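Visitor: Could you take me through this structure? I am new to it and will ask as we go.
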Amino acid sequence: MAPTDAFESQKNKEHRVHKTGGKMSKVKERTKVKGNNAKAFTFKSAVAAGKAIRRAADINERKKHILFMDRKPVVPPPVIVAIVGPSKVGKTTLLRGLVKYYLKSGFEELKGPVTIVTGKKRRVQFIEVKNDINHMIDIAKIADLVLLMVDASYGFEMETFEFLNICQVHGMPRVLGILNHLDCLKGISKVNKVKKVMKHRFWTEIYQGAKLFYLTGMVHNEYKKNEIHNLVRFISVIKFRPLVWRDSHPYILCDRYEDITDIEILRSSPSADRTICLYGWVHGA
């Protein structure tokens, strides 16, 4: 039998607890203290803390709006989207691209306003505005959303500022800027510089942080699908704040008419007075 002193002098290797692995990760999850250490994230200066609190209160207060009654009927009229811009800026091409995205097929020619059913209770009516002061005045009174196209290779033109001034008089609808012809600029640094300058100029005219989309080029005489997709997605989720004056002055936007004069009257007297039937949606309360 071995002496007891031999066992007492023997030194075995100590047990080392695992610090990594599946079991230890579960143990750490159970023992982890939820939340941050309050002492580690406290403020160091009372003045800085006061500024931060006031800034947070200002931001929260600016988000608040006066509540308005929603006077829209059960089946609301279509959302009027106006495509505005100077000549040769790409308004017709953009309209054809938007319509083709919704239809998922080709078409021959577009005449007048185009109304598209985009959901169970939502219609969108696209109107291309000519480069004429009378057309701009008419569309500023009724448009819910304005797609303001700007030629990046040329810059802002006088027609753009004229239309914005007209919109301010009539209640200022939602304005969405679209920067076009970026492919005419040479070099990525030039493109980025133009984007930055025109974005801040656009913010000066509308408001700080106004949305500005970029159309970087064309493929087979059409805008790129992903850019049109982003624009359509933004149009589908945008919300409109009701304008009090427009809601209290109802109007009808007639987008179609038919000649219902009796054929016999026209046959006997071609210059007789005509009877015309107008079709449209009632906007406003």
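Visitor: Is Lys100 buried, partly exposed or exposed?
Guide: Lys100 is partly exposed, at 35% relative accessibility. Buried means under 20% relative accessible area, exposed over 50%, and partly exposed in between (1.4 Å probe, protein chains only). The model is predicted: local features need pLDDT of at least 70, side-chain atom pairs count only at pLDDT 80 or more, and totals for chains, interfaces and linings use all residues. Residues are numbered from 1 along each chain as its sequence is written, and side-chain values use heavy atoms, with hydrogens and water left out.

Visitor: Which side chain does Lys100 meet in a salt bridge?
Guide: Its partner is Glu222, at 2.9 Å from N to O. A salt bridge here is a side-chain nitrogen of Lys or Arg within 4 Å of a carboxyl oxygen of Asp or Glu. Lys100 lies in helix α4 (residues 91–103) and Glu222 in strand β8 (residues 222–223), so the pair ties together parts that are 122 residues apart in sequence. Helices (H or I, at least four residues) and strands (E, at least two) are DSSP runs, numbered from the N terminus.

Visitor: And Glu222, buried or partly exposed?
Guide: Glu222 is partly exposed, at 36% relative accessibility.

Visitor: How many salt bridges are there?
Guide: The count is seven. Among them is Arg267 with Glu264, whose closest N and O atoms are 2.7 Å apart.

Visitor: Where do those two lie?
Guide: Both are in helix α10 (residues 263–268), three residues apart, or about one turn of the helix. Arg267 is exposed at 63% relative accessibility, while Glu264 is partly exposed at 45%.
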